[in-house]
Amino acid sequence: MALGSPPPAGPPPGPGRPRGTVRGRPAAVVTATAPSTSPGPAAWLPGLFDEAAIRQPHAVALDLPPAPGRGRQLVTYAQLKADVDELARVVVALVGHGQVVAVLLSRTTGMLCASQLAVLRAGSAQMCLDAAFPHERLLTVLRASAVAAVLTDLDGERRLRRAGFEGLVLRTDQPVPSVAVELPDPADPWAPAYVVHTSATTGTPQSSVIAHRSILGLIRSDVTEFGLGPGDRVGQSSSSAYDSSVEETWMALASGATLVVIDDDVARSGPDLVPWLRAEAITVLCPTPTLLRSMGCSSPSGELPGLRLLRVGGEALPADIAEAWSVGRRVVNGYGANVPHGHMDAQVELRGDRIDELVSDAMRAVLGLPHVGLHADFFTDLGGTSLHAAMLTSRLRTDPATASLVVRDVYQDRNVSDLARTARERQASRARERAARARSTATADCPDVLGVPASGRAGRARATTAAPGTWLIAELVVLSAPAYLSMGWLLPRLFDVIGATLALVLAPLALSLLRPFTAPVAILIAVLAKKALIGAYRAETLPVRSGRAVRMWMVRQLVRIVPWRSIAGTEYQNMALRVLGARIGQRVHIHCGVDLTRGGWDLLDVGDDVTLGQGATVRLVDLDRGHLVVGPVALGAGAVLDVRSGVGPGSRVGRGARVSALSSLPAGAWLPDGALAHGVPARGRGAAPPVPELTRDGRELSPRAHGAALVLSQAVMRGVLALPYGVLGLLFVGGSGLALADVPLVVEHPLRYLPLIVWAASAVCLALASSVVLAALAARSLGTVEPGVISRWSRDYIRVRLKSGLVDHAGKRLGGTLLWPGWLRAAGMRIGSDCAIGTIVDVVPELVTIGTGTLLADGICLGGPRIAGGRVSLAPLTIGRGSFIGNHTVLPGGATVPDDVLIGVAMRRDRLSPSAASWFGQPPPAMQSITSVSGRTRAPDKREGTSARPCTNPFSKRAAGAETRPTPCRRPGPPWRGREGEGSREA
């Protein structure tokens with residue numbers, strides 16, 4: 001960059017470097033690994049750009065398509081940021097900060113965007129000038145705004161001097177000097193960001209100063225509401241002198257999308273603009289209605305299928321234009337509040353938020369109230385009941401903006417403001433999903449695996465439907481060969497060599513020990529198949545019937561042959577994932593029950609000391625409305641995905657951050673370093689808890705040695721538990737005199753050998769019973785696990801895993817039966833009488849106490865160890881009497897559940913109070929109670945005081961007032977508020 005007259009003050013310019021660009025074809029989707037740092041919410045415009053540059057430095061930020069005398073120019077976010085910072089230092093050195101700095105550059109140069117950003121990064125306000133301005137207007141605007149300098153090129157400097165401007169001019173078309181100046185801290189949110197002037201047709205141009213805070217709100221709203229992100233290509237057609245260009249620019253740069261410059265000649269090309277937009281894969285455009293009409297496009301949905309969003313403004317939107325262009329895409333009218341009515345009403349959206357009003361109107365209608373405050377509690381302030389909650393959600397479902405709200409949301413977000421916020425978040429999530437599908441539809445040509453062209457949709461559908469069936473048949477044929485060789489050739493010869501007695505007794509143990517050693521061969525087959533069928537996974541959205549999707553399915557089928565269960569929770573599982581393409585750090589704990597076999601491994605980045613809890617879900621490949629969404633997931637060092645939590649494609653969890661149990665971080669979400677997220681969808685809930693200190697010292701093994709010890713121990717345990725089948729098989733063969741060659745006769749004539757079949761079935765039942773008894777004895781023989789904090793890599797943790805494995809083994813056979821509580825007592829659990837227990841997961845029996853009359857449903861994580869940062873916390877779990885624990889609840893070690901508590905489905909609670917309460921949801925609010933009045937129900941009156949008897953578990957025989965029937969719950973609450981003359985209403 002060369003400096004014009006007058007000469008600059010400050011440090012002399014040092015050696016410069018020419019600004020470079022990357023030439024080539026445009027990239028529709030570019031992804032990069034996010035670094036470990038997580039910037040906080042941006043307080044000024046440059047912060048939005050910095051966040052996007054950090055997330056994906058190698059994505060294309062700016063695309064200047066080819067034009068006469070100019071090749072294509074591509075500038076990545078990293079390149080643009082480097083240029084911006086370098087130029088910003090020069091601006092600071094010459095004019096300081098807090099000034100107004102003008103920019104006079106053509107949109108056909110990449111330096112326009114860099115100069116605008118550099119002025120902002122230098123802490124000043126930028127004011128763009130149109131090169132088409134006459135000399136008189138140029139000078140008027142510059143003087144009125146008291147600009148400190150103008151960034152321009154040679155042509156611009158000449159124009160300025162001819163117009164009579166005598167101020168400082170900074171040339172951007174020459175190498176930039178290196179200036180050692182610190183860039184200022186983020187500006188005050190109320191500081192000016194840019195200056196615009198009204199049209200001079202009404203007289204002297206009037207300036208308007210826009211603060212960072214004001215434009216930030218608009219840009220954040222655009223990015224969220226329109227689902228903007230990587231892969232979007234935003235066309236820029238507005239003059240840089242008008243504020244509409246600011247929105248175009250920042251819709252791209254704040255979201256990681258690509259800003260594609262539309263030359264004036266191209267914008268004025270009328271019908272020729274249509275093929276240009278199609279060739280450049282433009283997905284977002286902000287035109288005027290006049291521009292749309294000039295294009296003369298008779299079928300916008302057919303000719304521009306990839307153009308998913310039109311942000312129309314500048315003038316009123318005629319009905320015919322709206323109707324023609326709203327088919328197959330989203331059209332947002334940014335000009336005023338009046339939109340023509342008719343067919344387009346369902347497709348053209350008004351700018352602004354109607355959701356508060358929708359929720360408020362629905363509440364008033366349901367409750368019969370003239371006014372509802374934004375923060376008035378639906379239950380305690382407005383007198384709503386559970387019936388009203390159901391009526392409210394039914395009414396809200398009639399409008400697409402609030403259709404996502406369910407009854408649980410009313411209990412969790414109990415006022416207009418919170419319900420509207422939840423609806424907005426889900427609407428934004430759907431917008432992002434639509435955007436991903438639209439980008440895929442526009443850019444992906446998906447021939448199927450059999451070579452049927454993409455244009456033949458019906459043929460492709462038939463072919464891709466037939467492909468999985470063909471694959472399954474081939475798989476059956478291929479796998480039948482080793483099965484036949486094993487049963488028809490190897491087993492008889494084994495009997496001949498070592499004898500039937502030894503073979504039957506030792507076969508279960510031998511098979512258990514040999515199974516882990518098949519993993520290397522199985523992994524090699526899976527890796528070769530992945531490479532041949534799909535190569536590497538990439539971020540994309542594609543139809544489930546596409547050829548690539550079918551090939552992904554085939555890879556998943558082959559990956560199933562890997563004995564994941566044998567190596568689960570060990571370093572060898574991590575090694576297998578690395579070979580498949582994942583980046584897995586050191587000392588990573590992946591608990592049993594975490595399914596990472598669905599593909600997408602090349603997009604998985606896991607830092608050191610990361611913990612994936614039991615049943616955690618990492619959705620690298622997600623199925624959504626007929627499309628496969630494939631996206632990267634990054635887990636920073638020390639991050640924790642707690643029990644049954646999940647993260648979606650495109651999400652990132654920062655260093656030391658934690659997603660709590662049963663919470664779900666949605667697709668594309670970013671959890672900052674050290675933060676705690678909770679709920680569905682997960683929201684920030686403060687700081688993540690620290691990693692606990694060890695309370696018991698013990699020798700730590702290396703991850704590989706620990707994994708080998710765990711794999712071997714589990715294999716031996718499975719073999720021992722299978723011994724009863726071998727022994728009883730031996731007794732059966734010896735007692736029946738049946739030879740191996742006679743087995744086909746038994747199958748062919750079952751009635752002739754019916755006594756033999758009954759004896760065989762009895763032997764199997766006896767073997768099963770013997771196996772679960774043996775499991776209880778094994779659990780006792782492993783000794784007592786004491787509470788405390790142990791190392792994940794200690795021998796004590798191997799004992800914890802073996803005990804939970806024994807409970808799992810027995811639970812699959814006895815869970816939910818009358819025998820199950822007895823087995824758990826035999827294994828060391830303290831259980832009261834009259835308890836019913838379903839399937840339980842991740843249990844150390846001696847750490848759990850269950851009170852009398854309690855009912856546990858299925859799939860409950862009961863007192864499992866808490867694992868984080870290589871530490872395993874073991875603590876007792878106590879459940880009081882007469883409680884009900886719903887399906888898939890998570891009750892970690894250290895939790896205490898009082899008496900007579902009802903906990904709803906899929907909840908996590910560490911500590912509940914008081915007794916006689918009902919909880920439901922995630923995060924779980926207390927359920928609103930009602931009272932019985934003359935056979936009808938209503939919300940209890942606060943004037944009733946606190947003398948009402950406690951609510952009891954209706955499933956327990958201890959329910960107060962009845963031996964076997966549930967009793968109504970009475971608890972103080974708000975007065976009933978209804979219309980006059982209506983009286984009480986039935987709930």
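Start by selecting helix H26, residues 795–814: at 1.5 Å a residue its 20 residues should span 28 Å, and the end C-alpha atoms are 29 Å apart, which agrees. (The expected span is 1.5 Å times one less than the number of residues; helices are DSSP runs of H or I with at least four residues, strands are E runs of at least two, and both are numbered from the N terminus.) Just after H26, click on Gly816, which takes a positive phi of about 85 degrees.

A word on what you're looking at: this is a predicted model, where local features need pLDDT of at least 70 and side-chain atom pairs count only at pLDDT 80 or more, while totals for chains, interfaces and linings use all residues. Residues are numbered from 1 along each chain as its sequence is written, and side-chain values use heavy atoms, with hydrogens and water left out.

Next, select H1, residues 45–55. Is this helix mostly covered or mostly uncovered? Mostly covered: 9 of its 11 residues are buried, meaning under 20% relative accessible area with a 1.4 Å probe, protein chains only. Among the buried ones are Leu45, Phe49, Asp50 and Glu51.

Now colour the largest nonpolar core, which has 64 residues. (Such a core is a set of buried Ala, Val, Leu, Ile, Met, Phe, Trp, Tyr and Cys residues joined through side-chain atoms within 4.5 Å.) Helix H2 (residues 77–95) gives the largest share, 10 residues. Leu45, Tyr77 and Leu253 are among those with the most contacts inside the core. Centre on Leu253: leaving out residues up to four places away in sequence, its contacts (heavy atoms within 4.5 Å) include Leu48, Phe49, Tyr77, Leu80 and Leu117. Another core, of 49 residues, lies apart from this one, and Ile534, Leu596, Leu604 and Ala669 are among its members.

Last stop, a helix pair: H19 (519–533) and H20 (547–559), packed at about 175 degrees with axes 9 Å apart. Axes are lines fitted to C-alpha atoms over the stretch in contact, and angles run from 0 to 180 degrees between N-to-C directions. H19 and H20 are therefore roughly antiparallel, the term for angles over 145 degrees. Pick Ile525, Ala526, Ala529, Lys530 and Leu533 in H19, which meet Arg551, Met554, Val555, Leu558 and Val559 in H20. By class, that contact has 8 nonpolar, no polar and 2 charged residues. (Ala, Val, Leu, Ile, Met, Phe, Trp, Tyr, Cys and Pro count as nonpolar, Asp, Glu, Lys and Arg as charged, the others, Gly among them, as polar.)

Key:
Buried < 20%, exposed > 50% of the residue type's maximum accessible area, 1.4 Å probe, protein only. Parallel < 35°, antiparallel > 145°, perpendicular 65-115°, else oblique.
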